[in-house]
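Subject: The structure to go with your sequence

Hi there,

Here is the structure I promised to pass on. Please open it alongside these notes, and then read on for what turned up.

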Amino acid sequence: METVFPQLSSLVIEQVIDLGATVGVVARTPAAAAACPDCGQLSDRVHAYHQRRLADLPVGGRAVVVHLRVRRMVCAALSCSRRTFREQVPAVTQPWARRTRQLTALVADLAVVTAGRAGAAVLARVGAQVSRSTVLRVLMAQPIPDRAVPAVLSVDDFALRRGRRYATLLIDAVTHRRVDVLPDRKADTLARWLRDHLGVQVVCRDGSAAYAEAIRTGAPQAVQVSDRWHLWANLAKAVEKTAIAHSGCWRDGPVRPDQPLDERTRDRHRAVHTLLDQGYGLLECARRLGWALNTVKRYARATSAEELNRPPRYRETLVDPFRDHLRRRRAEEPGVAVTKLLAEIRELGYTGSANLLVRYLNQGRADALRTPPSPRRLVSWLMSRHADLPTAHQQQLADLLASCAHLSVLAERVQQFADLLTGRRGEDLDAWMTCADADDLPALHGFVHGLRRDLPAVVAGLTLPYSNGPIEGANTKVKFLKRQMYGRAGFDLLRHRILLA
């Protein structure tokens with residue numbers, strides 16, 4: 001009995017009955033004195049007997065039902081207001097429960113991982129018939145452990161409904177355990193939590209202004225740490241803007257044909273700069289044009305409309321392996337017919353259509369010395385360690401930097417910032433920003449302006465060892481839990497699953 005039913009070791013098992021689909025266990029409590037729940041007086045005087053029917057852990061894929069006989073005892077203390085009481089078996093069950101503690105624990109664990117419907121399906125497979133509503137009720141009845149307030153806190157948001165509703169996740173940045181989940185990402189909510197939970201000394205966050213204000217209000221003594229990954233990502237955006245603005249210098253490729261979007265970009269650029277030349281500010285320009293302020297800023301920073309036009313992005317085609325042959329033949333015989341070129345490359349293994357070859361040649365993709373990279377590919381080269389790039393990419397990047405002085409300066413600034421980031425040299429950030437301000441790189445100036453607005457947190461992020469990396473991993477797990485419920489469950493249930501997982 002102790003081998004098959006170890007969870008019932010505190011009971012006296014009298015009989016085990018095979019009932020087909022279920023296994024019945026007839027048991028009773030030991031003949032020992034029981035303590036009164038009010039006065040604590042021990043009593044061995046039996047007043048009556050009661051039968052309890054409890055569902056227990058399945059055995060061999062079959063449900064187990066425990067028919068437990070418990071005693072109603074007479075309290076021996078004459079001064080006690082409770083005359084009789086029913087004895088309890090704390091190791092097996094709770095008052096009024098219809099399941100043993102072990103089965104309830106199993107249901108709760110499955111509910112945290114699989115939620116209601118899936119949890120009920122798994123339990124049915126092993127032999128415990130429980131409805132999905134019961135699974136959720138058991139989960140919500142589980143107490144959330146009361147954990148100590150961490151000294152180093154990490155804060156980030158996640159979407160409850162993407163683009164509409166967001167919540168805030170708090171974790172311990174050192175142990176990575178989840179601390180709490182807040183129902184929104186408002187500054188007042190986080191500030192209130194910080195005021196109610198004293199002891200936070202360091203808070204890691206992204207560039208959110210709302211979180212920064214909440215920390216200043218709720219925990220003014222805490223050191224704010226700006227996440228290094230977000231700093232690097234913001235620098236990558238500035239690098240991409242610069243690469244696009246100077247694509248005419250480094251891009252040895254076909255001339256991009258005019259598109260309807262290009263004409264609209266020129267018109268908007270002209271409208272913004274016309275108002276600026278008349279002395280209007282950015283806010284007034286946005287009000288008169290009816291555009292967002294950030295849109296007006298983007299057009300105002302560009303000296304020409306061409307800086308805002310992205311170069312064309314061409315995907316790989318079946319013609320690419322024969323590009324060198326086409327370029328050589330067109331150089332040897334400028335007026336060579338397309339049909340002749342088509343026949344030649346088909347002999348070399350080309351399997352595409354004639355229309356694809358015609359479009360390829362009309363786009364000028366066979367005229368450049370080498371296939372130009374896309375802006376994002378160039379950004380990835382600039383943001384990578386030079387030694388980690390393949391030899392061909394290193395050579396191509398060197399050629400591109402040699403063709404554009406602005407990109408050469410940009411590559412140097414990126415390398416310097418990477419050294420600050422990896423070397424934790426936050427004290428040298430001010431000198432780097434001074435050099436970047438002196439360069440003719442408007443997009444990098446915007447990045448530096450953002451650093452200055454949050455300078456203490458940025459310096460701490462480039463100095464201290466803490467980051468938001470652990471909470472990004474926790475957010476990934478939260479998304480898995482959230483998507484299991486398909487939007488049918490409320491915030492309270494999601495919070496329970498996050499904190500108990």
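Leucine 499 sits in helix α20, which covers residues 491–500; helices here are DSSP runs of H or I with at least four residues, strands are runs of E with at least two, and both are numbered from the N terminus. Before going further, please note that this is a predicted model, in which local features need pLDDT of at least 70 and side-chain atom pairs count only at pLDDT 80 or more, while totals for chains, interfaces and linings use all residues. Residues are numbered from 1 along each chain as its sequence is written, and side-chain values use heavy atoms, with hydrogens and water left out.

With a relative accessible area of 2%, leucine 499 is buried (buried means under 20% relative accessible area, exposed over 50%, and partly exposed in between, with a 1.4 Å probe and protein chains only). Setting aside neighbours within four places in sequence, leucine 499 is in contact with Ile144, Arg147, Arg178, Val179, Asp180 and Val181; contact means heavy atoms within 4.5 Å.

**The overall picture**

The protein has 20 helices and twelve strands. Its radius of gyration is 35 Å, well over the 23 Å that the globule rule gives for 501 residues, so the protein is more spread out than a compact globule. That radius is taken over C-alpha atoms, and the rule is 2.2 Å times the number of residues to the power 0.38. Along the principal axes, the C-alpha atoms fill a box of roughly 110 × 65 × 45 Å.

Of the 501 residues, 41% count as buried. Among contacts with a separation of 6 or more, 58% are between residues 24 or more positions apart.

**Two nonpolar cores**

A nonpolar core is a set of buried Ala, Val, Leu, Ile, Met, Phe, Trp, Tyr and Cys residues joined through side-chain atoms within 4.5 Å. The largest one has 34 residues, and those with the most contacts inside it are Leu378, Phe417, Leu429, Trp432 and Leu451. Two or more residues come from each of α5 (228–245), α13 (375–382), α14 (391–402), α15 (405–423), α16 (429–438) and α17 (442–453). Of these, α15 gives the most, with seven residues. Apart from this core lies another, of 29 residues, among them Ala120, Val130, Leu169 and Ile471.

Beyond its neighbours within four places in sequence, tryptophan 432 is in contact with Arg413, Gln416, Phe417, Leu420, Leu444, Phe447, Val448 and Leu451.

Alanine 411 lies in helix α15 and counts as buried at 19% relative accessibility. Not counting residues up to four places away in sequence, alanine 411 touches Leu382 and Leu401. Alanine 411 and tryptophan 381 are 30 residues apart in sequence and 9.6 Å apart in space, C-alpha to C-alpha.

In helix α3 (residues 187–196), the buried residues are Ala187, Thr189, Leu190, Ala191, Trp193 and Leu194. Their cover includes β8 (152–161), β9 (165–172), β10 (178–182) and α4 (209–218).

Helix α9 (residues 293–301) has Thr295, Val296 and Tyr299 buried. Seen down the axis of α9, these buried residues fall within an arc of 100°, so they line one face of the helix; the arc is that of the directions from the helix axis to the C-beta atoms. Their cover includes α7 (260–277) and α8 (282–289).

**A hairpin and some positive phi values**

Strands β1 (residues 12–18) and β2 (residues 22–28) pair in the antiparallel sense over six bridges; two strands pair if DSSP finds at least two bridges between them. Glutamine 15 has valine 26 of β2 as its bridge partner. The two strands form a hairpin with three residues between them, and glycine 20 in the turn has a positive phi of about 85°.

Most residues other than glycine have a negative phi, which makes the next two worth a look. Histidine 176 has a phi near 70° and lies in the loop between β9 and β10, partly exposed at 45% relative accessible area. Arginine 424 has a phi near 55°, is placed in the loop between α15 and α16, and is partly exposed at 33% relative accessibility.
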